[in-house]
Amino acid sequence: MTEARRIVVKVGSSSLTTAAGGLDADRVDALVDVLAKVRDGGEREVVLVSSGAIAAGLAPLGLHRRPKDLARQQAAASVGQGLLVARYTASFARYGIRVGQVLLTSNDTSRRAHYRNAYRTLDQLLDMGALPVVNENDTVATDEIRFGDNDRLAALVAHLVRADLLVLLSDVDGLYDGDPSIPGTTRIARVTGPADLAGVSIGSAGKAGVGTGGMVTKVEAARIATAAGIPVVLTSASHAADALAGRDTGTYFHRTGRRSADRLLWLAHASTPRGSLTLDDGAVRAVVERHSSLLPAGIASVEGEFTAGDPVELRDLRGRPVARGLVNFDAKEMPRLLGRSTRDLARDLGPAYEREVVHRDDLVLLHG
C-alpha cells in the first residue's frame, strides 16, 4: 500500500454531507487534508471519485430526503455538483492543488472512442499536476446508462487510470462478519478471495440515507478491482489517513487476478445490454472456446431495440448469457442476416455486410 504511486480514493455521500442534505465543510476539509498530504512531494497521484452531488443539492432545493424519481435526482445533482466541486476547489486551493472535474456515464466508457477520451483526459490531468474529481454524470444519465453507484464507478476508474490501489471510504470502518452495531461481530482484516466471505452477512444500506451504496456495492467493487489486479482497502473516512499510510485499518482485499483488456472490463461491468442475440451451439463454442468473432450464420434469433455500437447480450439456446459485446448492426437490420454467411450477404446486400456482427475485440465472456 505504501508503495502505491497512483491511487483512486472513493468517498460516499454520508462522509461528506448531513442526512438532511448540504455539504459539511469540516468533513470535506478533513478529507482534503489527508489527500493533500498523500500528494505532498509529487511522488504519488490521487484520483478522487466523489459522491455527494445529489445529497448536496437537497437542502438548496428544499428537499428533505433523497427523491426516488430520476428527474428530481437529476435536478438535485445539477445544483449539488456545482456546490461539491466549488467546495473541493476551495479546499484543495489551501495547498495549491488544482482540481479538475470529470463526469462520466457508462455510455462514455463502454464505447471505444469515448473510453480512450476518458483515459486521455484523466491521464493528462494527473500529468499536469491536477487532482481529478470524478462523479457519475447524474444530470444526463438515464436509468439504462447509469452506473448505479459510485463504488462500482470507482473500481472501473481505478482500472481505467491503471491505479496501484483503490481506497473505498464509507461510514463504516471495514467489513464485519455481521451487523457491526451488534456486539460480538468482528472486523474482517483481510480478504484473499471469495471463499473468505462465504457465510458472511453483508448489509445493503448505509446509515445516513443520502447515498445509493451500501456494503454490498463496496464488496462488489472490491471484487471487480481485485480481479483486475488492483488491491482494495475498505474503511471509514475518519480512518483515511491510516489506510493511505499503510497502517492496519479496515479491510484489505488482496488482488485475485491480472489486468484485463481495458475496455472489456467496462463492457462487462458498466454496460447495460440494449438487446440480445441467441446463438446456436456452434456459435457458442466459437465465441466461448475459440474466442472468435460472432458471425451472422451462428445467430438463431434477436431481441430488443438497439443500434450499431450498442452493447448486446449473447445467449445460448437455453437462454443463458455467455458473453456481451458491441454490435455492428441495427436491430432492424438483423432479421435478414440470421443464419447466412458473410459471403452470401456481401453478394446480395453489398460489401458493407461482409463483416462480423460482434468483433472479438468488442466481446467479453461472462463467467457464471
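I began with strands: two of them pair if DSSP finds at least two bridges between them. Helices (H or I, at least four residues) and strands (E, at least two) are DSSP runs, numbered from the N terminus.

I am working on a predicted model, where local features need pLDDT of at least 70, side-chain atom pairs count only at pLDDT 80 or more, and totals for chains, interfaces and linings use all residues. Residues are numbered from 1 along each chain as its sequence is written, and side-chain values use heavy atoms, with hydrogens and water left out.

Eight strands make an open sheet with mixed pairing, ordered 3-4-2-1-5-7-8-6. Strand 3 and strand 6 (190-191) are its edges, each pairing on one side only. Next I checked strand 5 against strand 7. They run parallel, joined by five bridges. Ser170 faces Ser236 of strand 7.

**Helix 1.** I then asked what helix 1 (residues 25-39) covers. It lies across strand 1 (6-11), strand 2, strand 4 (131-136) and strand 5. Its angle to strand 2 is about 155 degrees. Axes here are lines fitted to C-alpha atoms, for helices over the stretch in contact; angles run from 0 to 180 degrees between N-to-C directions.

**Cores.** A nonpolar core is a set of buried Ala, Val, Leu, Ile, Met, Phe, Trp, Tyr and Cys residues joined through side-chain atoms within 4.5 Å. Buried means under 20% relative accessible area, exposed over 50%, partly exposed in between (1.4 Å probe, protein chains only). The largest core has 43 residues; Val8, Val134, Val157, Leu166 and Leu175 touch the most other members. Elements giving two or more residues include strand 2 (45-50), strand 3 (99-104) and helix 5 (112-127). Helix 6 contributes the most, seven residues. I also found a second, separate core of 29 residues, with Ile7, Val34, Phe92 and Leu169 among them.

**Leu166.** I listed its contacts (heavy atoms within 4.5 Å). Beyond four places in sequence, Leu166 meets Val8, Ala154, Ala155, Ala158, Ala225, Ile230, Pro231, Val232 and Val233.

**Thr235.** Buried or exposed? Thr235 is buried, at 0% relative accessible area. It sits in strand 7. Its side chain makes a polar contact of 3.2 Å with that of Thr249. Such a contact is a pair of N or O atoms within 3.5 Å; within protein, one must be able to donate a hydrogen and the other to accept it, and residues adjacent in sequence count only if both atoms are side-chain atoms.

**Totals.** Of the protein's 368 residues, 51% count as buried. I noted 11 helices and 13 strands.
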